[in-house]
Amino acid sequence: MSSRMDNKSYVVQMNGNGVHSKGLNGTGVNGKSANGQSVNGKSLNGKGFHHVNVNGSLYPAKAKSRRHMWEVKPSEMANNTLNPIRAIVDGMKITPNPEKPMIALSIGDPTVFGNLPTDETVLQALKDSIDSQKYNGYAPSVGYLKSRQVVANFYSCPEAPLDAEDVILTSGCSQAIDLCISVLCNPGDNILVPCPGFSLYKTLAVSMGIEVKLYNLLPEKSWEVDLQHLESLIDERTSCLIVTNPSNPCGSVFTKEHLQQILKVASKHCLPILADEIYSDMVFPGCSCPSMASLSSSVPILSCGGLAKRWLVPGWRMGWILIHDRNDIFGPEIRQGLVKLSQRILGACSIVQGALEGIFNNTPPSFYNSTISFLKSNSEICFNELSTVPGLNPVMPSGAMYLMVGIDMDHFPEFKNDVDFTERLVIDQSVFCLPASAFEYPNFFRIVVTVPEEMMVEACVRIREFCQRYYRPRSCELDQ
Ligand SMILES: Cc1ncc(COP(=O)(O)O)c(C=O)c1O
């Protein structure tokens, strides 16, 4: 490190190694300048120089502003942060038919209709956490060690053991995904994302200058990965493979064999996996859903999850990263990188952290089972109804809370695409389904199956009426 006087400031050159870390205890990862001013990271101006004034504050090299006019613009990152669902939905004319009450089958929040309350034990755990007065303060950025241990115990299995140090608590699964992408990828790298897939991956990646390569899922094979296509996308800048299982938006659950095939590709190309397993264990009876980590000891895996879906409390914003690295490929660097990133904000709510032990230990199996049977029964109602509607091709899910429906657009010449189709469905029938263009998958729409049963039945009746009204035989069929 060198320094020289420059008016009232010192220029401090960092040697790039000024960041030291001590592991996952959430402390001691900051570099310190001579005067005690924290100077994390390599540089502020990208050249390894900082200006530090005599009082110790940091400011860019050109201290004097030459601006004479106001010019305040959103940053590139803000401009590059795009939520495709908002982009599509905000552009749609969603004016329901005033004669029919609106049925929204579009919202991935299981609490909106009040028919799926969380369990009493989950609420009690939160009340106890508040009453204890032990969780009103700041927790370590990676979460309380005790709470991390509770998560580790819950998800540990002989094939993929976990300890408290392998867990990072986050603000929802969304922050977990954010940290994982941030720690694995640099601008200019690319990540492999399922298509159709959850839109947040792209929103985050693009805002960080990371390219997104979409790999195809195959509806005719219950949304299994097109492995050949996946492999064809990998290049030297591919830094991570995202696998969502069970899937949003498809509701599909991969078999153990298929997960092994995906792992084989990752292993062959030395690609770490971000396994989005927020819907883990939300699978219909007869279906099993092993975690990816339980099937491979060689591929390093960051598994992201949370309370939102299985415990039906998305607003509590509790998520986690489970670090699986039995071959020590991530090593201390990736772990320390996650710790550093977690320090950008203190993510997970302390009170909910305090409730985790009660939630995991006391939730009765009957709660999980009744949620799953409800989701399965509603999926069957929806699938059976829509399977007999001309022009629609629903795909039966095996888990999660979603069902995708293909539209034979040839039979609906009045509509340009799935956005047009679903927009008119609202105008005519007051039923709102999310066009799958929002998941980069045109000519499908997604139905959320958490709505009350009578709403699901009524929605299907209206979708049928709508399709019957607009369905047209293909012109070639008319010729015959
Ligand atoms: C696949 C998937 N991952 C992550 C999330 C985000 O979860 P959270 O609400 O815990 O941030 C969702 C939410 O819908 C999701 O569907």
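# Chatting through a predicted model

Student: Which residue takes a positive phi just after H6?

Tutor: That's Gly 209, with a phi of about 75°. Helices here are DSSP runs of H or I with at least four residues, strands are runs of E with at least two, and both are numbered from the N terminus.

Student: Before we go on, what kind of model is this?

Tutor: It's a predicted model, so local features need pLDDT of at least 70 and side-chain atom pairs count only at pLDDT 80 or more, while totals for chains, interfaces and linings use all residues. Residues are numbered from 1 along each chain as its sequence is written, and side-chain values use heavy atoms, with hydrogens and water left out.

Student: OK, back to H6. How many of its residues are buried?

Tutor: Six of the eight residues in helix H6 (200-207) are buried, so the helix is mostly covered. Buried means under 20% relative accessible area, exposed means over 50%, and partly exposed is in between (1.4 Å probe, protein chains only).

Student: Which ones are they?

Tutor: Leu 200, Tyr 201, Thr 203, Leu 204, Ala 205 and Ser 207.

Student: New topic: aromatics. How many aromatic pairs are there in the whole structure?

Tutor: A search turns up 23. One of them is Phe 412 with Tyr 471, an edge-to-face pair at 6.0 Å centre to centre and 80° between the planes.

Student: Where do those two lie?

Tutor: Phe 412 is in the loop between strand S15 (402-407) and helix H12 (418-429), and Tyr 471 is in the loop between helix H13 (453-470) and helix H14 (475-479), so the pair ties together parts 59 residues apart in sequence. Phe 412 is buried at 0% relative accessible area, whereas Tyr 471 is partly exposed at 27%.

Student: And what about Phe 421 and Phe 445, why is that pair stacked?

Tutor: Their ring centres are 5.9 Å apart and their planes are at 20°, so the pair is stacked. Phe 421 belongs to helix H12 and Phe 445 to strand S18 (444-448), so to speak a link between distant parts of the chain, 24 residues apart. Both Phe 421 and Phe 445 are buried.

Student: What are the cut-offs for a pair?

Tutor: Rings of Phe, Tyr and Trp (its six-membered ring) pair if their centres lie within 6.5 Å; planes under 30 degrees apart count as stacked, over 60 as edge-to-face, and the rest as tilted.

Student: Which residues form one aromatic cluster?

Tutor: Phe 154, Tyr 155, Trp 311, Trp 320, Phe 360, Phe 367 and Tyr 368.

Student: Which rings does the charged end of Arg 310 sit over?

Tutor: Two from that list. One is Trp 311, with the charge 5.3 Å from the ring centre, and another is Tyr 368, at 3.9 Å. For this to count, NZ of Lys or CZ of Arg has to be within 6 Å of the ring centre and within 35 degrees of the ring normal.

Student: Let's switch to the core. Which residues touch the most other members in the largest nonpolar core?

Tutor: Ile 181, Ile 191, Leu 392 and Ile 447, out of 70 residues in that core. The largest share, eight residues, comes from helix H5 (172-184). Domain 2 (84-114 + 366-479) and domain 3 (120-362) each supply at least three residues, with the bounds coming from an automatic or database domain assignment. A nonpolar core is a set of buried Ala, Val, Leu, Ile, Met, Phe, Trp, Tyr and Cys residues joined through side-chain atoms within 4.5 Å.

Student: What does Ile 447 touch?

Tutor: Its contacts (heavy atoms within 4.5 Å) include Leu 105, Cys 382, Met 401 and Ile 463, leaving aside residues up to four places away in sequence.

Student: Last one: how many salt bridges are there in the whole structure?

Tutor: The search finds 16, counting a side-chain nitrogen of Lys or Arg within 4 Å of a carboxyl oxygen of Asp or Glu. Lys 213 and Asp 235 form one, at 2.9 Å from N to O. Lys 213 lies in strand S8 (211-218) and Asp 235 in the loop between helix H7 (227-233) and strand S10 (238-244), so the pair ties together parts 22 residues apart in sequence.

Student: Is Lys 213 buried or exposed?

Tutor: Buried, at 15% relative accessible area. Asp 235 counts as partly exposed, at 30%.

Student: Where are Lys 376 and Glu 380?

Tutor: They're four residues apart in helix H11 (365-387), which means about one helical turn separates them.
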